[in-house]
Amino acid sequence: MNSSKSSENQSLDLSKLQQLQEITGGDPDFLVELIDVYLEDAPRLFATMKDALSRDDAESTIRAAHDLKSNSLNLGATALGAVCLEMETRAKDEKLQEAALLLPVAEAEYFRVVAALRAVSVK
Amino acid sequence: MSNNKGRILVVEDSRINRLLLKRTLEEQGFEATLAVDGFQALAMLRAKTTVPCDVVLLDILMPNMDGYQTLSAIKADPALQHLPVIMISAVEEMDSTIRCIEMGATDYLSKPFNPALLKARVSASLTGKRLRDREMEYLEQVAIVTEAAVALEASAFEPSGLDDVARRSDSLGNLARVFKKVAADMLAREARIRRQMLEMRIEIDEARRSKKVAEITGTECFKHLRGHAGKLRKLLES
(Lines give C-alpha, C1' and ligand atoms only; values in the text may rest on other atoms or scores of the structure.)
Protein backbone atom coordinates (compact mmCIF):
# COMPACT_ATOMS: atom_id res chain seq x y z
CA MET A 1 0.00 0.00 0.00
CA ASN A 2 1.43 3.43 -0.85
CA SER A 3 0.22 6.94 -1.43
CA SER A 4 1.41 9.49 -3.90
CA LYS A 5 -0.02 12.46 -1.99
CA SER A 6 1.80 13.80 1.06
CA SER A 7 -1.45 15.14 2.55
CA GLU A 8 -2.83 11.61 2.61
CA ASN A 9 0.17 10.50 4.62
CA GLN A 10 -0.35 13.34 7.08
CA SER A 11 -4.00 12.56 7.59
CA LEU A 12 -3.67 8.80 7.57
CA ASP A 13 -1.20 6.58 9.32
CA LEU A 14 -0.78 4.07 6.51
CA SER A 15 1.03 1.67 8.81
CA LYS A 16 -2.23 1.32 10.76
CA LEU A 17 -4.07 0.36 7.58
CA GLN A 18 -1.27 -2.06 6.80
CA GLN A 19 -1.72 -3.58 10.24
CA LEU A 20 -5.46 -3.95 9.59
CA GLN A 21 -4.74 -5.86 6.42
CA GLU A 22 -2.28 -8.10 8.26
CA ILE A 23 -4.83 -8.89 10.95
CA THR A 24 -7.17 -10.27 8.30
CA GLY A 25 -4.49 -12.14 6.39
CA GLY A 26 -4.40 -9.55 3.62
CA ASP A 27 -8.13 -9.45 2.87
CA PRO A 28 -8.68 -6.23 0.87
CA ASP A 29 -12.48 -6.59 1.01
CA PHE A 30 -12.45 -6.34 4.78
CA LEU A 31 -10.46 -3.10 4.70
CA VAL A 32 -12.90 -1.66 2.16
CA GLU A 33 -15.78 -2.72 4.40
CA LEU A 34 -14.19 -0.95 7.37
CA ILE A 35 -13.65 2.20 5.35
CA ASP A 36 -17.25 2.11 4.12
CA VAL A 37 -18.59 1.79 7.65
CA TYR A 38 -16.37 4.64 8.81
CA LEU A 39 -17.56 6.90 6.00
CA GLU A 40 -21.19 5.99 6.81
CA ASP A 41 -20.89 6.64 10.54
CA ALA A 42 -18.74 9.78 10.54
CA PRO A 43 -21.33 12.19 9.07
CA ARG A 44 -23.89 10.99 11.58
CA LEU A 45 -21.45 11.53 14.44
CA PHE A 46 -20.59 15.02 13.22
CA ALA A 47 -24.31 15.83 12.99
CA THR A 48 -24.83 14.54 16.52
CA MET A 49 -21.96 16.68 17.82
CA LYS A 50 -23.29 19.78 16.11
CA ASP A 51 -26.75 19.21 17.47
CA ALA A 52 -25.49 18.44 20.97
CA LEU A 53 -23.25 21.52 21.06
CA SER A 54 -26.13 23.73 19.92
CA ARG A 55 -28.19 22.44 22.87
CA ASP A 56 -25.29 22.55 25.37
CA ASP A 57 -25.69 18.78 25.76
CA ALA A 58 -22.33 17.74 27.17
CA GLU A 59 -23.12 14.04 27.48
CA SER A 60 -24.15 13.62 23.84
CA THR A 61 -21.14 15.67 22.72
CA ILE A 62 -18.82 13.45 24.75
CA ARG A 63 -20.32 10.25 23.34
CA ALA A 64 -20.21 11.39 19.70
CA ALA A 65 -16.67 12.76 20.01
CA HIS A 66 -15.57 9.58 21.75
CA ASP A 67 -17.00 7.35 19.01
CA LEU A 68 -15.57 9.44 16.17
CA LYS A 69 -12.20 9.50 17.94
CA SER A 70 -12.19 5.73 18.35
CA ASN A 71 -13.30 5.04 14.77
CA SER A 72 -10.73 7.50 13.36
CA LEU A 73 -7.84 6.06 15.36
CA ASN A 74 -8.78 2.55 14.28
CA LEU A 75 -8.30 3.55 10.66
CA GLY A 76 -5.12 5.52 11.22
CA ALA A 77 -6.72 8.98 11.10
CA THR A 78 -4.50 10.07 13.96
CA ALA A 79 -4.85 13.84 13.61
CA LEU A 80 -8.64 13.69 13.47
CA GLY A 81 -8.58 11.35 16.45
CA ALA A 82 -6.54 13.89 18.39
CA VAL A 83 -8.98 16.72 17.63
CA CYS A 84 -11.91 14.53 18.71
CA LEU A 85 -10.08 13.72 21.95
CA GLU A 86 -9.70 17.43 22.61
CA MET A 87 -13.41 17.97 21.99
CA GLU A 88 -14.29 15.05 24.25
CA THR A 89 -12.03 16.31 27.03
CA ARG A 90 -13.42 19.83 26.87
CA ALA A 91 -16.97 18.52 26.90
CA LYS A 92 -16.15 16.42 29.98
CA ASP A 93 -14.86 19.62 31.61
CA GLU A 94 -18.13 21.36 30.70
CA LYS A 95 -16.23 23.67 28.32
CA LEU A 96 -18.66 23.24 25.46
CA GLN A 97 -17.84 26.56 23.82
CA GLU A 98 -14.22 25.52 23.48
CA ALA A 99 -15.34 22.17 22.11
CA ALA A 100 -17.53 23.96 19.58
CA LEU A 101 -14.54 25.99 18.36
CA LEU A 102 -12.77 22.76 17.51
CA LEU A 103 -15.63 21.44 15.39
CA PRO A 104 -14.56 23.19 12.14
CA VAL A 105 -11.02 21.94 12.69
CA ALA A 106 -12.37 18.39 12.99
CA GLU A 107 -14.51 18.82 9.87
CA ALA A 108 -11.57 20.12 7.80
CA GLU A 109 -9.40 17.23 8.89
CA TYR A 110 -12.23 14.81 8.18
CA PHE A 111 -12.40 15.92 4.54
CA ARG A 112 -8.67 15.23 4.18
CA VAL A 113 -9.19 11.80 5.76
CA VAL A 114 -12.05 11.05 3.36
CA ALA A 115 -9.85 11.87 0.36
CA ALA A 116 -7.06 9.68 1.67
CA LEU A 117 -9.36 6.78 2.47
CA ARG A 118 -11.04 6.92 -0.92
CA ALA A 119 -7.63 6.81 -2.54
CA VAL A 120 -6.80 3.72 -0.48
CA SER A 121 -10.10 2.06 -1.38
CA VAL A 122 -9.48 2.54 -5.08
CA LYS A 123 -6.05 0.93 -4.77
CA MET B 1 -13.29 -30.23 30.18
CA SER B 2 -14.17 -28.03 27.19
CA ASN B 3 -12.18 -28.46 24.01
CA ASN B 4 -13.68 -25.38 22.43
CA LYS B 5 -11.57 -22.67 20.84
CA GLY B 6 -12.66 -20.02 23.29
CA ARG B 7 -16.01 -18.22 22.99
CA ILE B 8 -15.69 -14.48 23.32
CA LEU B 9 -18.61 -12.08 23.70
CA VAL B 10 -17.70 -8.62 22.39
CA VAL B 11 -19.86 -5.86 23.88
CA GLU B 12 -19.21 -2.68 21.90
CA ASP B 13 -21.51 -0.01 20.48
CA SER B 14 -19.09 1.08 17.73
CA ARG B 15 -19.68 -0.80 14.47
CA ILE B 16 -16.05 -0.49 13.42
CA ASN B 17 -14.78 -1.79 16.75
CA ARG B 18 -17.20 -4.70 16.60
CA LEU B 19 -16.08 -5.59 13.07
CA LEU B 20 -12.42 -5.28 13.94
CA LEU B 21 -12.59 -7.24 17.16
CA LYS B 22 -14.70 -10.03 15.69
CA ARG B 23 -12.47 -10.44 12.67
CA THR B 24 -9.26 -10.26 14.69
CA LEU B 25 -10.49 -12.77 17.26
CA GLU B 26 -11.62 -15.20 14.57
CA GLU B 27 -8.29 -14.91 12.76
CA GLN B 28 -6.64 -15.74 16.09
CA GLY B 29 -8.71 -18.91 16.44
CA PHE B 30 -11.46 -17.77 18.80
CA GLU B 31 -15.23 -17.74 18.33
CA ALA B 32 -16.69 -14.26 18.62
CA THR B 33 -20.27 -13.14 19.18
CA LEU B 34 -21.39 -9.53 19.31
CA ALA B 35 -23.64 -7.35 21.47
CA VAL B 36 -24.27 -3.64 20.87
CA ASP B 37 -24.84 -2.71 24.50
CA GLY B 38 -25.10 -4.03 28.04
CA PHE B 39 -28.77 -4.98 27.75
CA GLN B 40 -28.18 -7.20 24.77
CA ALA B 41 -25.07 -8.66 26.36
CA LEU B 42 -26.87 -9.65 29.55
CA ALA B 43 -29.77 -11.13 27.60
CA MET B 44 -27.33 -13.25 25.60
CA LEU B 45 -25.39 -14.34 28.68
CA ARG B 46 -28.53 -15.36 30.53
CA ALA B 47 -30.32 -17.06 27.64
CA LYS B 48 -30.26 -20.82 27.99
CA THR B 49 -30.48 -21.20 24.23
CA THR B 50 -27.20 -19.51 23.40
CA VAL B 51 -23.82 -21.19 23.52
CA PRO B 52 -22.07 -20.38 26.80
CA CYS B 53 -19.46 -17.65 26.72
CA ASP B 54 -15.94 -18.01 28.12
CA VAL B 55 -14.71 -14.41 28.18
CA VAL B 56 -16.43 -11.01 27.86
CA LEU B 57 -14.76 -8.07 26.12
CA LEU B 58 -16.62 -5.02 27.42
CA ASP B 59 -16.49 -1.41 26.25
CA ILE B 60 -16.89 1.22 28.94
CA LEU B 61 -18.67 4.06 27.17
CA MET B 62 -21.88 2.77 25.59
CA PRO B 63 -25.43 4.11 25.31
CA ASN B 64 -28.42 2.58 27.14
CA MET B 65 -26.37 0.46 29.54
CA ASP B 66 -22.69 1.37 29.91
CA GLY B 67 -19.74 -0.78 30.82
CA TYR B 68 -19.93 -0.05 34.54
CA GLN B 69 -23.58 -1.05 34.78
CA THR B 70 -23.00 -4.15 32.67
CA LEU B 71 -19.99 -5.22 34.72
CA SER B 72 -21.87 -4.63 37.94
CA ALA B 73 -24.80 -6.76 36.72
CA ILE B 74 -22.47 -9.57 35.65
CA LYS B 75 -20.67 -9.63 39.01
CA ALA B 76 -23.96 -9.55 40.93
CA ASP B 77 -25.35 -12.58 39.08
CA PRO B 78 -24.25 -15.91 40.67
CA ALA B 79 -24.54 -17.62 37.29
CA LEU B 80 -22.24 -15.10 35.57
CA GLN B 81 -19.91 -13.72 38.21
CA HIS B 82 -17.20 -16.25 37.44
CA LEU B 83 -16.85 -14.99 33.85
CA PRO B 84 -13.59 -13.15 33.08
CA VAL B 85 -14.35 -9.62 31.86
CA ILE B 86 -11.75 -7.61 29.92
CA MET B 87 -12.57 -3.91 29.70
CA ILE B 88 -11.95 -2.12 26.42
CA SER B 89 -11.02 1.47 27.08
CA ALA B 90 -9.23 4.45 25.63
CA VAL B 91 -5.83 5.28 27.10
CA GLU B 92 -7.14 8.46 28.71
CA GLU B 93 -9.82 6.46 30.54
CA MET B 94 -7.34 4.86 32.95
CA ASP B 95 -9.31 6.04 36.01
CA SER B 96 -12.38 4.35 34.58
CA THR B 97 -10.39 1.21 33.91
CA ILE B 98 -9.05 1.12 37.46
CA ARG B 99 -12.57 1.54 38.76
CA CYS B 100 -13.73 -1.42 36.65
CA ILE B 101 -10.89 -3.62 37.89
CA GLU B 102 -11.85 -2.75 41.45
CA MET B 103 -15.40 -3.83 40.53
CA GLY B 104 -14.11 -7.21 39.44
CA ALA B 105 -12.93 -6.89 35.84
CA THR B 106 -10.11 -9.30 35.10
CA ASP B 107 -8.01 -7.16 32.77
CA TYR B 108 -8.17 -4.25 30.33
CA LEU B 109 -7.27 -3.51 26.72
CA SER B 110 -6.57 -0.05 25.35
CA LYS B 111 -8.09 1.29 22.16
CA PRO B 112 -7.02 1.19 19.41
CA PHE B 113 -6.08 -2.32 20.41
CA ASN B 114 -2.86 -4.13 19.67
CA PRO B 115 -3.76 -7.53 18.14
CA ALA B 116 -0.92 -9.36 19.89
CA LEU B 117 -1.95 -7.93 23.24
CA LEU B 118 -5.60 -8.80 22.55
CA LYS B 119 -4.65 -12.41 21.90
CA ALA B 120 -2.40 -12.56 24.97
CA ARG B 121 -5.01 -11.12 27.32
CA VAL B 122 -7.87 -13.20 25.97
CA SER B 123 -5.75 -16.35 26.14
CA ALA B 124 -4.72 -15.60 29.73
CA SER B 125 -8.34 -15.06 30.75
CA LEU B 126 -9.37 -18.26 28.99
CA THR B 127 -6.71 -20.23 30.81
CA GLY B 128 -7.93 -18.88 34.13
CA LYS B 129 -11.54 -19.74 33.32
CA ARG B 130 -10.71 -23.26 32.20
CA LEU B 131 -8.76 -23.86 35.39
CA ARG B 132 -11.75 -22.71 37.42
CA ASP B 133 -14.09 -24.89 35.33
CA ARG B 134 -11.89 -27.91 36.06
CA GLU B 135 -11.89 -27.09 39.78
CA MET B 136 -15.69 -26.76 39.84
CA GLU B 137 -16.08 -30.05 37.99
CA TYR B 138 -13.74 -31.70 40.53
CA LEU B 139 -15.76 -30.37 43.47
CA GLU B 140 -19.01 -31.53 41.86
CA GLN B 141 -17.61 -35.03 41.45
CA VAL B 142 -16.34 -35.09 45.05
CA ALA B 143 -19.91 -34.30 46.05
CA ILE B 144 -21.16 -37.21 43.93
CA VAL B 145 -18.86 -39.62 45.80
CA THR B 146 -19.93 -38.17 49.16
CA GLU B 147 -23.58 -38.58 48.23
CA ALA B 148 -22.88 -42.16 47.15
CA ALA B 149 -21.64 -42.94 50.68
CA VAL B 150 -24.82 -41.51 52.17
CA ALA B 151 -26.91 -43.49 49.69
CA LEU B 152 -25.03 -46.68 50.55
CA GLU B 153 -25.83 -46.23 54.25
CA ALA B 154 -29.47 -45.72 53.35
CA SER B 155 -29.44 -48.81 51.11
CA ALA B 156 -30.25 -46.61 48.13
CA PHE B 157 -26.90 -46.74 46.31
CA GLU B 158 -26.89 -46.95 42.51
CA PRO B 159 -23.46 -48.00 41.17
CA SER B 160 -24.08 -46.35 37.78
CA GLY B 161 -24.21 -42.99 39.53
CA LEU B 162 -20.44 -43.15 39.96
CA ASP B 163 -19.63 -44.14 36.37
CA ASP B 164 -18.54 -40.65 35.26
CA VAL B 165 -16.30 -40.14 38.27
CA ALA B 166 -14.85 -43.63 37.92
CA ARG B 167 -13.65 -42.73 34.41
CA ARG B 168 -11.24 -40.11 35.79
CA SER B 169 -7.59 -41.03 35.65
CA ASP B 170 -6.70 -39.24 38.90
CA SER B 171 -6.98 -40.20 42.59
CA LEU B 172 -10.65 -39.21 42.72
CA GLY B 173 -11.37 -41.62 39.87
CA ASN B 174 -9.46 -44.32 41.72
CA LEU B 175 -11.51 -43.61 44.86
CA ALA B 176 -14.74 -43.93 42.87
CA ARG B 177 -13.63 -47.25 41.36
CA VAL B 178 -12.60 -48.64 44.76
CA PHE B 179 -15.87 -47.38 46.29
CA LYS B 180 -17.88 -49.13 43.59
CA LYS B 181 -16.01 -52.38 44.12
CA VAL B 182 -16.30 -52.26 47.92
CA ALA B 183 -19.98 -51.34 47.65
CA ALA B 184 -20.58 -54.16 45.16
CA ASP B 185 -18.77 -56.67 47.46
CA MET B 186 -20.77 -55.44 50.42
CA LEU B 187 -24.08 -55.70 48.59
CA ALA B 188 -23.18 -59.19 47.34
CA ARG B 189 -22.29 -60.24 50.88
CA GLU B 190 -25.58 -58.90 52.21
CA ALA B 191 -27.47 -60.78 49.53
CA ARG B 192 -25.60 -63.97 50.42
CA ILE B 193 -26.41 -63.55 54.10
CA ARG B 194 -30.06 -62.94 53.29
CA ARG B 195 -30.12 -66.11 51.22
CA GLN B 196 -28.48 -68.12 53.98
CA MET B 197 -30.91 -66.74 56.52
CA LEU B 198 -33.80 -67.75 54.30
CA GLU B 199 -32.42 -71.26 53.94
CA MET B 200 -31.90 -71.52 57.71
CA ARG B 201 -35.45 -70.33 58.31
CA ILE B 202 -36.74 -73.06 55.97
CA GLU B 203 -34.69 -75.65 57.83
CA ILE B 204 -35.93 -74.41 61.16
CA ASP B 205 -39.52 -74.50 59.99
CA GLU B 206 -39.07 -78.06 58.71
CA ALA B 207 -37.45 -79.09 61.98
CA ARG B 208 -40.31 -77.64 63.92
CA ARG B 209 -42.81 -79.48 61.73
CA SER B 210 -40.92 -82.76 62.21
CA LYS B 211 -40.85 -82.24 65.95
CA LYS B 212 -44.54 -81.57 66.00
CA VAL B 213 -45.24 -84.70 64.00
CA ALA B 214 -43.03 -86.70 66.35
CA GLU B 215 -44.83 -85.25 69.35
CA ILE B 216 -48.15 -86.35 67.90
CA THR B 217 -47.07 -89.79 66.73
CA GLY B 218 -45.31 -90.49 70.02
CA THR B 219 -48.48 -90.23 72.10
CA GLU B 220 -50.18 -93.37 73.49
CA CYS B 221 -53.42 -92.32 71.87
CA PHE B 222 -51.78 -92.21 68.42
CA LYS B 223 -50.16 -95.61 69.01
CA HIS B 224 -53.52 -97.03 70.08
CA LEU B 225 -55.16 -95.60 66.96
CA ARG B 226 -52.40 -96.97 64.74
CA GLY B 227 -52.92 -100.42 66.33
CA HIS B 228 -56.65 -100.30 65.59
CA ALA B 229 -55.97 -99.12 62.05
CA GLY B 230 -53.66 -102.08 61.51
CA LYS B 231 -56.29 -104.57 62.71
CA LEU B 232 -58.94 -103.01 60.48
CA ARG B 233 -56.64 -103.25 57.47
CA LYS B 234 -56.10 -106.98 58.10
CA LEU B 235 -59.87 -107.62 58.46
CA LEU B 236 -60.50 -105.82 55.15
CA GLU B 237 -57.76 -107.73 53.38
CA SER B 238 -59.15 -111.11 54.63
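**Helix packing and nonpolar cores in a predicted model**

In this predicted model, H2(A) passes H3(A) in a right-handed crossing; a crossing is right-handed if the near helix is turned clockwise from the far one by less than a right angle, and left-handed if anticlockwise. The touching residues are A:Leu17, A:Leu20 and A:Gln21 on H2(A), and A:Pro28, A:Leu31 and A:Leu34 on H3(A), where contact means heavy atoms within 4.5 Å. By class, that is five nonpolar, one polar and no charged residues. Nonpolar covers Ala, Val, Leu, Ile, Met, Phe, Trp, Tyr, Cys and Pro, charged covers Asp, Glu, Lys and Arg, and the others, Gly among them, are polar.

H2(A) is residues 14-23 and H3(A) is residues 28-54; helices are DSSP runs of H or I, at least four residues, numbered from the N terminus. They pack at about 125 degrees with axes 8 Å apart. Axes are lines fitted to C-alpha atoms over the stretch in contact, and angles run from 0 to 180 degrees between N-to-C directions. The two helices are therefore oblique: under 35 degrees is roughly parallel, over 145 roughly antiparallel, 65 to 115 roughly perpendicular, and the rest oblique.

A word on conventions. Residues are numbered from 1 along each chain as its sequence is written, and chains are lettered from A and ligands numbered from 1 in the order in which they are written. Local features need pLDDT of at least 70 and side-chain atom pairs pLDDT 80 or more, while totals for chains, interfaces and linings use all residues, and side-chain values use heavy atoms, without hydrogens and water.

H3(A) also packs with H6(A), residues 96-122, at about 160 degrees, axes 11 Å apart. That pair is therefore roughly antiparallel, and the crossing is left-handed. Its contact residues divide into 19 nonpolar, one polar and three charged.

Next, the cores. A nonpolar core is a set of buried Ala, Val, Leu, Ile, Met, Phe, Trp, Tyr and Cys residues joined through side-chain atoms within 4.5 Å; buried means under 20% relative accessible area, with a 1.4 Å probe and protein chains only. Which residues touch the most other members of the largest core? Of its 56 residues, they are A:Leu12, A:Tyr38, A:Leu80, B:Leu25 and B:Leu57. H3(A) gives the most to this core, 12 residues. Leaving aside neighbours within four places in sequence, A:Tyr38 has contacts including A:Leu68, A:Tyr110 and B:Ile16.

Last, B:Val145 lies in H5 of chain B, residues 115-153. At 7% relative accessibility, B:Val145 counts as buried.

Conventions. Buried means under 20% relative accessible area, exposed over 50%, partly exposed in between (1.4 Å probe, protein chains only).
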